[in-house]
Amino acid sequence: MDKTIVIATIGLMILALVAASIFAYYPLQLQIQPVAPPIVFALGSNAGQPDLGSSNTITVTLGTNNTSVNITIHPTYHTTYYKNVTLIKNTDSRAYNVFLVLDDVTNDLPANSTVYLIVYSSGATRSLGTGYPEPQVPSGYVAFVNLTAISTGSRVSIGSLSSGSTWEIDFMVFIPEGTRLTGASATFKMHIAYTPGPGSETPP
């Protein structure tokens, strides 16, 4: 082996040993102090009410601390509207900017079906827009999200939820007539993300 190569190799090994032989340590302390959640879910006025189908209900299941919610609805052909299914409540003394983050979608609904999530202020009047054969999206909402049109990973700004305020969550589903419903289903997994206001940062 060339002596030059051997010497160079030994030199690199010595440098590597030297580079890894000393470390400097500076103190850094992290304290974690959990607090009660300022934003929580709650049951809407129609949670648990009869749904379409002989034994179905509008199923809304809250997590132990009201920081998660699972919802099951049973729409049929054309337009099915679900009013005041679940609530988002601000229990804090400050406003929070709220976002919807779509994480995962399994959509086996018939082609051209649409699923909307609609946010209203507490007690707001709903009025579906006129249209035939399908009624149009209602007006007066805080936010309107077509879950079948946005891609996973999307971060949608819902708005600013002021101190002590509540939003009501509705769903509107359209399924074309003449399509097959047997085995049809869809699951939309998403997060409600929030950050203290004011500010305009989007969640990571």
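The following questions and answers cover the pocket, surface, salt bridges and backbone of a predicted model.

The model is predicted, so local features need pLDDT of at least 70 and side-chain atom pairs count only at pLDDT 80 or more, while totals for chains, interfaces and linings use all residues. Residues are numbered from 1 along each chain as its sequence is written, and side-chain values use heavy atoms, with hydrogens and water left out.

Q: What is the volume of the largest pocket?
A: A pocket is an open set of points on a 1 Å grid over the protein atoms alone, where a 1.4 Å probe fits and protein lies on both sides within 12 Å along at least five of seven lines. Points are joined across faces, edges and corners, and the volume is the space filled by probe spheres set on them. For the largest pocket this volume is about 1,000 Å³.

Q: Which residues that line the largest pocket are the closest to its centre?
A: Lining residues have an atom within 4 Å of a point. The largest pocket has 37 of them. The closest to the centre are N70, I71, F171, F188 and M190.

Q: Which element gives the largest share of the lining of the largest pocket?
A: Strands are DSSP runs of E with at least two residues, helices are runs of H or I with at least four, and both are numbered from the N terminus. Two or more lining residues come from each of β1 (39–43), β3 (69–72), β4 (78–90), β6 (114–121), β9 (166–175) and β10 (186–196). The largest share is 8 residues, and it comes from β10.

Q: How many charged residues are in the lining of the largest pocket?
A: Asp, Glu, Lys and Arg count as charged; Ala, Val, Leu, Ile, Met, Phe, Trp, Tyr, Cys and Pro count as nonpolar; the others, Gly among them, are polar. The lining has 25 nonpolar and 11 polar residues. The number of charged residues is 1.

Q: Which residues make a nonpolar surface patch of about 430 Å²?
A: A patch takes residues with over 30% relative accessible area and no salt bridge, and nonpolar side chains (Val, Leu, Ile, Met, Phe, Trp, Tyr) are joined within 5 Å. Areas come from the Shrake-Rupley method with a 1.4 Å probe, and for residues only the protein chains shown count as cover. The patch of about 430 Å² is made by L28, L30 and I32.

Q: Is I32 buried or exposed?
A: I32 is placed in the loop between α1 (3–19) and β1. Buried means under 20% relative accessible area, exposed over 50%, and partly exposed in between, with a 1.4 Å probe and protein chains only. Because its relative accessibility is 68%, I32 counts as exposed.

Q: Which residues are joined with R126 into one network of salt bridges?
A: A salt bridge is a side-chain nitrogen of Lys or Arg within 4 Å of a carboxyl oxygen of Asp or Glu, and the count here is 2. R126 forms a salt bridge with E168, with the closest N and O atoms 2.8 Å apart, and R126 also forms a salt bridge with D170, again with the closest N and O atoms 2.8 Å apart. Shared partners join R126 into one network with E168 and D170.

Q: How many residues apart in sequence are the parts that R126 and D170 tie together?
A: R126 is buried, and so is D170. R126 lies in the loop between β6 and β7 and D170 in strand β9, so the parts tied together are apart in sequence by 44 residues.

Q: What is omega for the cis peptide bond from Y132 to P133?
A: P133 is placed in the loop between β6 and β7. The peptide bond from Y132 to P133 is cis, with omega near 10°.

Q: What is omega for the cis peptide bond that joins G197 and P198?
A: P198 is found in the segment after β10. For the cis peptide bond between G197 and P198, omega is about -5°.

Q: What is phi of N112?
A: N112 is placed in the loop between β5 (96–107) and β6. With 66% relative accessibility, N112 counts as exposed. Its phi is positive in a residue other than glycine, near 70°.

Q: How far apart in space are A186 and V105, C-alpha to C-alpha?
A: A186 is in strand β10 and is partly exposed, with a relative accessible area of 30%. A186 and V105 are 81 residues apart in sequence. Their C-alpha to C-alpha separation is 7.4 Å.

Notes:
Patch = residues over 30% accessible without salt bridge, like charges linked within 9 Å, V, L, I, M, F, W, Y side chains within 5 Å.
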